[in-house]
Amino acid sequence: MAMINCPECGKEISDKAAACPNCGCPINGSAATNTDRSEEAAKFIDLAVKAIQGQNSEQVEKYCQSALEIDPKNYRAWELEARGLLFQSTLKSNKIMQAIGAAANAVNYAPDNKEELAESLYTSIYENITGLLNIALVQMPLMYAPNFVAQCMNYYGELLAGIPCLSKQKIEFELKKFDDMDQTSKKAIMPKKRLIYAAHATKPGWAEQYKTLLKQKGII
């Protein structure tokens, strides 16, 4: 097996991959065979599940990538990759956007129960962002905290707009929650507690920014 660069995204991948596991671009050559490797892919999925249970993020990503090289539309591999990427997230080096992308692929390729899967993945990534936000608000020195708070708040918007098949009711509920978060922060006295409100400076509130993003993507 040799490693080549994907002609679409440039990521290094196996020359035996049917398609790029990162962007889904079909790969020409020896990978384009009709050999049924579904059992092999299933074994990688099982290994990824065990790695998830052990919170071994590097192994999760490795096994999911192996499964996706065999079947780039394997929604379960995309789902596990999204969840595994969350283990690697820190304020200074996180994989939130990659996790959102993997989650979107999982929902798009899922054969059924798309809305249920979308909400489950949304919740997992939301909780991860919230954990990072709390670290920024509680543990980071005030001179560094604003940038990290703004980063986390922007991630919330990307998440809400990036996960397909969320119900209208769910989106409305989340927008109301973010508006309440903004208003509560606005009324706070302590500098740390005002950071969520202060982070958008002269821009519209976070909920309004998220609405604009959702409209741009044709979601609402």
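**Notes on the predicted model**

1. The side chains of Glu-119 and Lys-170 form a salt bridge, with 4.0 Å from N to O; the term is used here for a side-chain nitrogen of Lys or Arg within 4 Å of a carboxyl oxygen of Asp or Glu. Glu-119 belongs to helix H5 (residues 114-138) and Lys-170 to helix H7 (residues 168-187), so the pair ties together parts that are 51 residues apart in sequence. Helices (H or I, at least four residues) and strands (E, at least two) are DSSP runs, numbered from the N terminus.

2. On the basis of these notes: this is a predicted model, in which local features need pLDDT of at least 70 and side-chain atom pairs count only at pLDDT 80 or more, while totals for chains, interfaces and linings use all residues. Residues are numbered from 1 along each chain as its sequence is written, and side-chain values use heavy atoms, with hydrogens and water left out.

3. Glu-174 counts as buried at 0% relative accessibility, while Lys-177 is partly exposed, with a relative accessible area of 26%.

4. Lys-176 and Asp-180 also meet through their side chains in a salt bridge (2.9 Å, N to O), and, being four residues apart in helix H7, they are separated by about one helical turn. Both count as partly exposed, Lys-176 at 49% relative accessibility and Asp-180 at 33%. Salt bridges that share partners join Glu-119, Lys-170, Glu-174 and Lys-177 into one network. The structure holds eight salt bridges.

5. Helix H5 has 25 residues and reaches 36 Å from its first C-alpha to its last, close to the 36 Å expected at 1.5 Å a residue, where the expected span is 1.5 Å times one less than the number of residues. Among its buried residues are Leu-117, Leu-121, Tyr-122, Ile-125, Asn-128, Leu-133 and Leu-137. What covers the buried residues of H5 includes H3, H4, helix H6 (145-162), H7 and helix H8 (195-198).

6. The largest pocket has a volume of about 260 Å³. Of the 17 residues that line it, the closest to its centre are Pro-21, Asn-22, Gln-65, Glu-81 and Gln-98. A pocket is, on a 1 Å grid over the protein atoms alone, an open set of points where a 1.4 Å probe fits, with protein on both sides within 12 Å along at least five of seven lines, and lining residues have an atom within 4 Å of a point; a volume is the space filled by probe spheres set on the points, which are joined across faces, edges and corners.

7. Which element gives the most to the lining of the largest pocket? H4 does, with four residues, and strand S2 (12-14), helix H2 (57-70), helix H3 (75-86) and helix H4 (96-109) each supply at least two.

8. The second largest pocket has a volume of about 190 Å³, and its lining includes Thr-130, Leu-133, Leu-137, Tyr-156 and Met-181. H5 and H7 each supply at least two residues of this lining.

How values were computed
Buried means under 20% relative accessible area, exposed over 50%, partly exposed in between (1.4 Å probe, protein chains only). Contact means heavy atoms within 4.5 Å.
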